[in-house]
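Please read them alongside the coordinates.

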Amino acid sequence: MSETTALGAPGPTWAELEPEPTDVPQARAMLERAEWASRAFRTLDKAAVDRILEAVAVAAVQHAQEYAERAVAETGFGVVEHKRLKNEACSRGVLDHYAGSDFVTPRVDPDAKIVEVPRPAGVVLALTPSTNPVATVYFKVLLSLMTRNAVVVSPHPMAKRVCADAARTLAAAAEAAGAPAGVVQVVTEPTIPLIDALMTDERTSVIVATGGNAVVRAAYRSGNPALGVGPGNVPAFVDATADLRAAAQRIVDSKSFDNSCLCTNESVVIVEESVADAFGRALRSAGAYLLDADQAQRLRELVFPHDRFTPAVVGRPATWLAEQAGIQVPHSTKVLVGEFDQVVPEEVLAREKLTPLLGLVRVPSVAAGIKAARAVLRISGAGHSAAVHSTDPGTVLAFGAACNVLRVSVNVGNSLGGSGISTNLAPTMTIGTGYAGGSSVGENLRPDHLLNWVRLAYNADPQVAMGDFAELTPWRVSPGLVPPYPVASNARAETGRRHEPGAVVSTSSTDEAPCSTDADGDLREELRRIIVEELHDLIGGDRRG
């Protein structure tokens with residue numbers, strides 16, 4: 001999706017945020033704490049991780065409705081009911097999908113004589129968009145915790161309040177279940193200097209960027225590993241063998257889902273001429289309004305003033321769009337459909353539209369339909385997703401092989417099909433577009449993208465025995481909480497209370513007995529190093545952040 005569109009919508013934007021003098025030290029404090037948490041977290045075994053995940057999923061579902069309502073209120077985007085569904089799918093749904101997966105326990109292959117030990121990335125910086133704010137927070141936090149990573153959430157400024165509260169809720173649940181303090185943190189007041197400091201700091205292990213091209217490019221330029229996405233522009237082909245009524249209902253429901261906030265929503269429907277009139281009637285029955293030529297032109301001017309998509313229409317209802325264009329439509333209208341003749345870059349209805357306005361083009365044959373879909377993807381959306389509605393396996397295979405995308409939804413709406421919610425693809429809020437889309441990942445983002453595997457490879461000679469690794473684990477089994485985040489004694493005395501989960505600074509409770517260990521010495525040395533760095537900056541040293 002084009003998050004750059006959302007950046008220009010009413011409300012705070014990145015460009016309007018003023019730099020804060022504390023941005024760089026705040027970033028360092030967050031990452032220092034996250035790095036400590038990741039080191040503690042990666043020592044836990046699977047049973048401990050499962051307890052944490054279950055607690056986080058329960059908390060997420062409990063607040064799914066509340067945060068859906070608040071997300072719509074704060075951003076003005078989408079539909080509460082649909083955001084709740086996404087919140088649930090990206091919490092309990094994600095956990096259930098990976099219930100049989102193990103990203104913690106070493107894997108032993110006695111035939112290959114190889115032992116694989118999971119190694120978490122460390123600290124994940126999760127950039128989240130304004131269009132799918134809470135669902136993306138849920139999704140990235142859970143994937144990070146499944147792989148025993150610490151995560152710092154950086155929300156879009158248009159959704160910063162609800163995202164901050166959501167992240168704090170998950171952090172509290174995780175820590176209460178035994179996760180180390182600081183394993184989930186959130187930027188409560190995002191500014192450009194702060195986000196830049198987080199992205200460029202060497203303690204950030206990987207950036208997971210969900211947003212527009214500008215956000216993703218910034219992540220790739222940071223100097224740290226990054227997993228980014230590309231824009232969508234989904235063509236949906238309906239051939240003459242399709243169940244027209246079902247296809248029309250699926251497309252209308254998909255395009256209207258959350259008022260087209262998902263980047264997987266359909267942009268252009270391509271339909272075979274022989275069934276186009278019948279399909280148009282099915283669209284009307286499903287809740288679409290078919291625009292005449294004059295009305296379609298009014299929508300072009302409204303949605304693409306001066307030939308550029310306006311963020312003012314993102315996530316707005318179809319009835320609102322029609323009203324703004326001076327068009328009377330039934331109150332039940334879910335989607336507006338504008339027909340055009342040719343798929344060319346100059347035709348704005350052939351471009352990505354994060355609003356319930358759908359382009360439609362007729363084609364004489366399957367071959368022409370595939371050609372039109374390829375043309376749509378040349379405008380934008382390479383590597384992203386497409387959809388086909390057909391009962392002919394030959395058409396489905398030819399369409400999938402020819403279209404320059406990495407996921408094709410078949411006989412299902414693409415909004416939830418491409419994102420794995422209505423298909424058996426990995427459920428995700430981060431769509432990898434691969435080499436074609438300039439992305440470092442081609443699949444729907446999965447937990448295994450956030451860890452590597454250390455491979456212990458024995459001598460291949462059959463005469464050299466392999467050891468017995470049964471019942472062995474490198475992780476500790478801890479029935480209780482991990483030690484609290486270490487802080488200086490004077491800070492502990494000043495606060496006299498435990499930290500707030502997800503906050504930047506963490507303190508221990510005064511009723512915890514002090515002790516002196518080697519870890520304390522390491523901490524004092526680390527604090528000394530931080531102080532020296534800060535003094536060095538104050539006298540004009542390196543301000544890299």
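1. What volume does the second largest cavity have? The value is about 40 Å³. This comes from a predicted model, as does everything else in this note. The lining of the second largest cavity consists of Tyr67, Ala71, Lys83, Lys86, Asn87, Asn132, Pro133, Val134 and Ala135. By class these divide into 5 nonpolar, 2 polar and 2 charged residues. Three helices, H4 (64-75), H5 (80-97) and H6 (133-146), each contribute at least two residues to this lining.

2. The structure has 2 cavities of 30 Å³ or more. The largest cavity has a volume of about 90 Å³, and 12 residues line it. Nearest its centre lie Thr210, Cys263, Met429, Thr430 and Ile431. The lining of the largest cavity has 6 nonpolar and 6 polar residues, with no charged ones.

3. On the overall composition, the protein chain contains 18 helices and 15 strands. It has 545 residues, of which 55% count as buried. Taking contacts between residues at least 6 apart in sequence, 75% join residues at least 24 apart.

4. Helix H14 covers residues 366-379. Its end C-alpha atoms are 20 Å apart, which agrees with the 20 Å that 14 residues should span at 1.5 Å a residue. The buried residues of H14 are Gly369, Ile370, Ala372, Ala373, Ala375, Val376 and Leu377. An α-helix has 3.6 residues a turn, so residues three or four places apart point the same way. Among the elements covering the buried residues of H14 are strands E8 (234-238), E9 (266-272) and E12 (357-363), together with helix H15 (393-402). After H14 comes Gly381, with a positive phi near 95°.

5. Strand E2 (residues 114-120) is mostly covered, with 5 of its 7 residues buried. E2 runs antiparallel to strand E1 (residues 107-109), and 3 bridges join the two. E2 also runs antiparallel to strand E15 (residues 451-457), to which 7 bridges join it. Val115 of E2 can be followed across both pairings: Val108 stands opposite it, and Leu456 is its bridge partner in E15. The hairpin of E1 and E2 has 4 residues between the strands, and there Lys113 takes a positive phi near 60°.

6. Two further backbone angles deserve a line each. Most residues other than glycine have a negative phi, and most peptide bonds are trans. Asn259 has a positive phi near 50°, and its place is in the loop between helix H10 (244-256) and E9. Asn259 counts as buried because its relative accessibility is 8%, and the cut-off for buried is under 20%.

7. Glu471, which is not a glycine, has a positive phi of about 70°. Its place is in the loop between E15 and helix H17 (489-495). Is Glu471 buried or exposed? Glu471 is exposed, because its relative accessible area is 80% and the cut-off for exposed is over 50%.

Terms used. Residues are numbered from 1 along each chain as its sequence is written. This is a predicted model: local features need pLDDT of at least 70, side-chain atom pairs count only at pLDDT 80 or more; totals for chains, interfaces and linings use all residues. Side-chain values use heavy atoms; hydrogens and water are left out. The expected span of a helix is 1.5 Å times one less than its number of residues. Buried means under 20% relative accessible area, exposed over 50%, partly exposed in between (1.4 Å probe, protein chains only). Contact means heavy atoms within 4.5 Å. Two strands pair if DSSP finds at least two bridges between them. On a 1 Å grid over the protein atoms alone, a cavity is a set of points where a 1.4 Å probe fits but cannot get out, and a pocket is an open set with protein on both sides within 12 Å along at least five of seven lines; lining residues have an atom within 4 Å of a point. Grid points are joined across faces, edges and corners, and a volume is the space filled by probe spheres set on the points. Ala, Val, Leu, Ile, Met, Phe, Trp, Tyr, Cys and Pro count as nonpolar, Asp, Glu, Lys and Arg as charged, and the others, Gly among them, as polar.
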